[in-house]
Amino acid sequence: MKSVNKMIAFLALAGAIVAVNSCKPKGPQDAVVGNAAEKVYVAPGKYDEFYNIVSGGFNGQMSVYGIPSGRLFRIIPVFSQFPENGYGFSEETKPMLMTSHGFVPWDDLHHIALSETKGEHDGRWAFANGNNTPRVARVSLKTFKTEEILELPNSGGNHSSPFITENSEYIVAGTRFSVPVGDNRDVPISSYKQNFKGTISFIKIDPTTGRMNIGFQLKTPGVDFDLSRAGKGPSHGWFFFSCYNTEQAYTLLEQNATQKDKDFIMAVNWKKAEEYIAQGKGEKVKAKYAHNMLNESTHTASSEMMTEVLQLDPTVLKDIIYFIPCPKSPHGCDTDPSGEYIVASGKLAALIPVFSFTKIQKAIADKDFEGEYAGIPVIKYESALHGEVKKPGLGPLHTEFDEKGNAYTSFFVSSEIVKWNVKSLEVLDRVPTYYSIGHLCVPGGPTAKPHGKYVIAYNKITKDRYLPTGPELTQSAQLYDISGDKMQLLLDFPTTGEPHYAEAIPASLVMPNSTKIFKIEENNHPYAAKGEKEAKVERKGNEVHVYMTAIRSHLVPDNIEGIKLGDVVYFHVTNLEQDWDVPHGFAIKGAANAEILIMPGETQTLKWTPDEVGVSPFYCTDFCSALHQEMQGYARVSAAGSNIPLKFSTGVIAEEAKSSPK
Amino acid sequence: MKYCVILAITAAMFSCAPDKSKMNNEQYPDQSSGKSAVEEVIANPTKGIGAVKNVTLKSPLEQERVSRGLAIYEMKCAACHKLTDQRLVGPGWKDVTKRRKPEWIMNMATNVDVMLEKDAEAQKLLELCLVRMPNQNISVGDARDILEYMRSNDGEK
């Protein structure tokens, strides 16, 4: 009680100070009050309460932060090569970035979906979408490695993805851009209305392995799909997508796709789609898309080109999809923890409509439609509506939820987070963000069991929040305490890449399962050297394979001779360490490549095409021990026609070297 | 402090007690036993610190263990330990079974971080070699196999 009184007194005082100072221009330091520092301080050696898995936007990566400290722990490369650990550079990981367009080493990663069981986070996998070259990826929350990437055919750009169902049955992938699909794709752009189609892919997740494959694809009218959420609880079996450009504009969308007062939320009954498939009503069509998998026991990825996909046409197969009018250019489309309410945020609307799943079902049963759009029934707006949040702010984008029945919506234009009650639709509180918030995240916010406590803002503009670093500034996030009635700004923290969506999960669901080492006994890499006795060098034509071992603090072999110009040399380096956090690195002079980083018990391969005669040094690139600087060796490269025999050794002192120089 | 003394006395009492019925060689207490490291140092000055309290050695050597121990040696130990008395990264293994109690060897292999922290003999080796022996994820069963291989390396039959 005392502390509450104290706090009230403090707030009153703070209010008075603010009132006195309110005429002064606001600086970036404003809005932090009270015990903020105490709430975000994680003492040295202590752990954060939540993992925050954050998309990296145009860096194509995922990053991992601690909440409440905002400390960055890891960058996980997903759709982009990563020099720090050789992802996409090592021979083992290159296949992960293969697509139907060949090797694509950079993409734009927007959204995170954490796996769920019974509507709650289960701490197994994080999924992410590749926006530009349409793909989805699965990252293990045991190893924090990208284990699988699946390309999506007939997609113009995978933005509306990878949202997940309550038991991880499916993740979805809705095309952002409708495009001509099928055999006739060389058509005038102005024939959008006739020829351009959207697709929504339902990607089936194997419940044990997490392995993905496209269960089916829905063909849709040509519009832009933006975001999505699965139903849950009573609405499990349904998916909701926001659609814009129902004007079907193909140029100057800024003007031409913002004409109508309302676009649509698309409701998809995926259980119905499954019924049609069971009846054999899907159509297999030719497609070309890559499916890339990491084999955990060989530490090696492989890429397979797929050739067909199962499609359903909802204009023929009725009752799969329905449109619900929604003002205006909707962006976020979020279902509340109960599964009853669907919150749609029209980017250009001055209100937030909240739809009721029960009412949608009733409207469908009563055929309470206002007409059809491109052969799909359109439910009457009022018949689906629970109510509208009036005058919430400008430019609503995304909504997350707490465990107390409240929603938190981000407002890009008015740069704030607004808290409101889902049932009463009453605005309860608002706080400014610095600046122009995009996505936001409440731990467990998209699940049936939010953990509340914090909301994190991922801002689009950083401006004056940090020491300037030229025109290009850090990206930024902000942490707010939402445990009380009033939201409280606690912390600014910089982020890597442009953060779009993020999820936060209690550390207790992830930390106990974290892999510490790869067991050397279980390493089935074909070029592994499981012990120095297996270290060797082999020639296969002009390929030279070095089976190398690394352990503190030497490489075996460390003297290699007999390589010739024209050879391609593969250094397969096995880290023999079996201790947590003892990686070794490997680099050789002149390699047109990044270094590689090898985790304990792992084998990774660096390809080197020597381009000059001489002796090239190689060394360990990850400081590993007091004798790290001694962890080095030499490879001798001879002329193409040379008859120097292939030989290798470690610790062998030749006779000629023993005699001291005269 | 008082508590430690009591513990030490209790431990001493137990260590004097006659051997319980012989444990199966494969059965060892859980590595994360509840006892504090300090207590075990007092109880076992030459046996090291860890899960291994008493090892029963058989004669002749158990050949299955010797060959398993050799395989583990080649995969996880040979990079740093020679079979002669020559030091590479760590000390050579020649005669190690004559210098150390079997329990100390097995505790060093399975509980190396604690050993380097608390065991005076292990610390002497670190001062000599200057490279911390890595935790090679060796189970107590593995360590027993390695020990048998060391005995074979030291000429036991």
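Two residues are in contact here if their C-beta atoms, placed from the backbone, lie within 7 Å. The model is predicted, with local features needing pLDDT of at least 70 and side-chain atom pairs counting only at pLDDT 80 or more, while totals for chains, interfaces and linings use all residues. Residues are numbered from 1 along each chain as its sequence is written, and chains are lettered from A and ligands numbered from 1 in the order in which they are written.

**View 1. Chain B against chain A.** On chain B, 13 residues are in contact with 19 residues of chain A. The chain B side comprises eight nonpolar, three polar and two charged residues. Nonpolar covers Ala, Val, Leu, Ile, Met, Phe, Trp, Tyr, Cys and Pro; charged covers Asp, Glu, Lys and Arg; the others, Gly among them, are polar.

**View 2. The fold of chain B.** Chain B has eight helices and zero strands. Helices (H or I, at least four residues) and strands (E, at least two) are DSSP runs, numbered from the N terminus. Of its 157 residues, 34% count as buried. Buried means 20 or more other C-beta atoms within 10 Å of the residue's own, exposed 12 or fewer, and partly exposed in between, with C-beta atoms placed from the backbone. Among contacts in chain B with a separation of 6 or more, 73% come from residues 24 or more positions apart.

**View 3. Helices α5(B) and α8(B).** Helix α5 (residues 102-110) of chain B packs on helix α8 (residues 140-153) of chain B at about 130°, with axes 9 Å apart. The pair is therefore oblique. Axes are lines fitted to C-alpha atoms, for helices over the stretch in contact, and angles run from 0 to 180 degrees between N-to-C directions. Under 35 degrees is roughly parallel, over 145 roughly antiparallel, 65 to 115 roughly perpendicular, and the rest oblique. Contact residues include I105(B) and M106(B) of α5(B), and I146(B) and L147(B) of α8(B). By class, the contact has nine nonpolar, one polar and one charged residue.

**View 4. Helices α3(B) and α8(B).** Helix α3 (residues 63-77) of chain B meets α8(B) at an angle of about 100°, with axes 7 Å apart. These two helices are roughly perpendicular to each other. Among the contact residues are R65(B) and Y73(B) of α3(B), and D145(B) and Y149(B) of α8(B). The contact holds six nonpolar, two polar and six charged residues.

**View 5. The surroundings of P450(A).** P450(A) sits in the loop between β31 (437-441) and β32 (454-459) of chain A. It is buried, because 20 C-beta neighbours lie inside 10 Å. Beyond four places in sequence, contacts of P450(A) include P337(A), F401(A) and V442(A). The C-alpha atoms of P450(A) and I505(A), 55 residues apart along the chain, are separated by 9.5 Å.

**View 6. Backbone exceptions in chain A.** Most residues other than glycine have a negative phi, and most peptide bonds are trans. The bond joining I67(A) and P68(A) is cis, with omega about 20°. P68(A) lies in the loop between β2 (61-67) and β3 (72-77) of chain A. The peptide bond from V556(A) to P557(A) is also cis, with omega near -5°. L252(A) has a positive phi near 45°, and with 8 C-beta neighbours inside 10 Å it counts as exposed. K367(A) has a positive phi of about 50°, and K367(A) is exposed, with 8 other C-beta atoms within 10 Å.
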